[in-house]
Amino acid sequence: MTIRPKYFTPNEVSIHNTAKDLWVSFLGKVYDLTPHIETHSGDPLLKPIIDAAGQDISHWFDPKTKDIKKFVDPITGCLLYFAQHGRFSNVPPRCPSSDWANDFGIPWWKDEKYCIGVLSKKTRFIKIINALTLQNQIIEVCSEETMKEILNRYLKYNAHAESYTWKYECNVLDMDKTLTENGIVDDDPDFYTLRMRDDQYLQSVILYYNDDLTEA
């Protein structure tokens, strides 16, 4: 059975922007580097990473090799890592140095233990309306997420969300399919073409109360 990855929005990554809670994204994946920062606390080579906390750093990498970009040093003729924001941890110095420990094993950008999920290629805002209470919430979701995963995002607003039938235009939604697969098409391109603000109209998913409530 294939395990689905967890999807994150850029906004979710951006709030983890301190040395004690540090996420970054690159090449379509999201990484929690907090353990790496804690392990090497006090190392000045962490500064470029801390400065990039909560951001996408794909521009540091060569998408073909999935490694840090490299360049040929004009003085030595050696192929070196291109650290445009300053050398950072696990990047070797330009010249041989006896004080550089190279026994760290896998560099952090290749170590999958830090990978916590996938960065959404396209996020969407949808309005979820509770037909029982008439309350509504606008939430940002990942276009790759199934309705069941969107439900999990909505649980913080309604702990009993699983006890509702989810519908769009009177049709019951398949909770194992995405918004698009359920016929809820992303209208953002049309709004862009028409120079209209996409928040003036949001597709609404209606929640209809079932017989029994689940435990909160």
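**Entry 1: ground rules.** I noted that this is a predicted model, in which local features need pLDDT of at least 70 and side-chain atom pairs count only at pLDDT 80 or more, while totals for chains, interfaces and linings use all residues. Residues are numbered from 1 along each chain as its sequence is written, and side-chain values use heavy atoms, with hydrogens and water left out.

**Entry 2: the sheet.** I read helices and strands as DSSP runs numbered from the N terminus (helices are H or I with at least four residues, strands are E with at least two), and I took two strands as paired if DSSP finds at least two bridges between them. The order β1-β9-β4-β3-β2 describes an open sheet of five strands with mixed pairing. Because β1 (7-8) and β2 (17-18) stand at the edges with a single partner strand each, one side of each has no neighbour in the sheet. I then followed β9 (residues 115-119), which runs antiparallel to β4 (residues 29-32) and is joined to β4 by three bridges; Tyr 31, for example, is partnered with Cys 115. On the β1 side, two bridges join β1 to β9 in a parallel arrangement, and Phe 8 has Leu 119 as its bridge partner.

**Entry 3: aromatic rings.** I counted rings of Phe, Tyr and Trp (its six-membered ring) as a pair if their centres lie within 6.5 Å, calling planes under 30 degrees apart stacked, over 60 edge-to-face and the rest tilted. By this rule there are 13 aromatic pairs. Phe 26 and Phe 61 are stacked, because their ring centres are 4.3 Å apart and their planes lie at 10 degrees. Phe 26 belongs to strand β3 (residues 21-26) and Phe 61 to strand β5, 35 residues apart, so that the pair links distant parts of the chain. For accessibility I used relative accessible area (buried is under 20%, exposed over 50%, partly exposed in between, with a 1.4 Å probe and protein chains only), and both Phe 26 and Phe 61 are buried. Tyr 81 and Trp 109 make an edge-to-face pair, since their centres are 5.8 Å apart and their planes stand at 80 degrees. Tyr 81 is partly exposed at 22%, whereas Trp 109 is buried at 3%.

**Entry 4: a loop residue.** I found Lys 66 in the loop between β5 (61-62) and β6 (67-68), with a positive phi near 60 degrees although the residue is not glycine. At 51% relative accessibility, Lys 66 is exposed.
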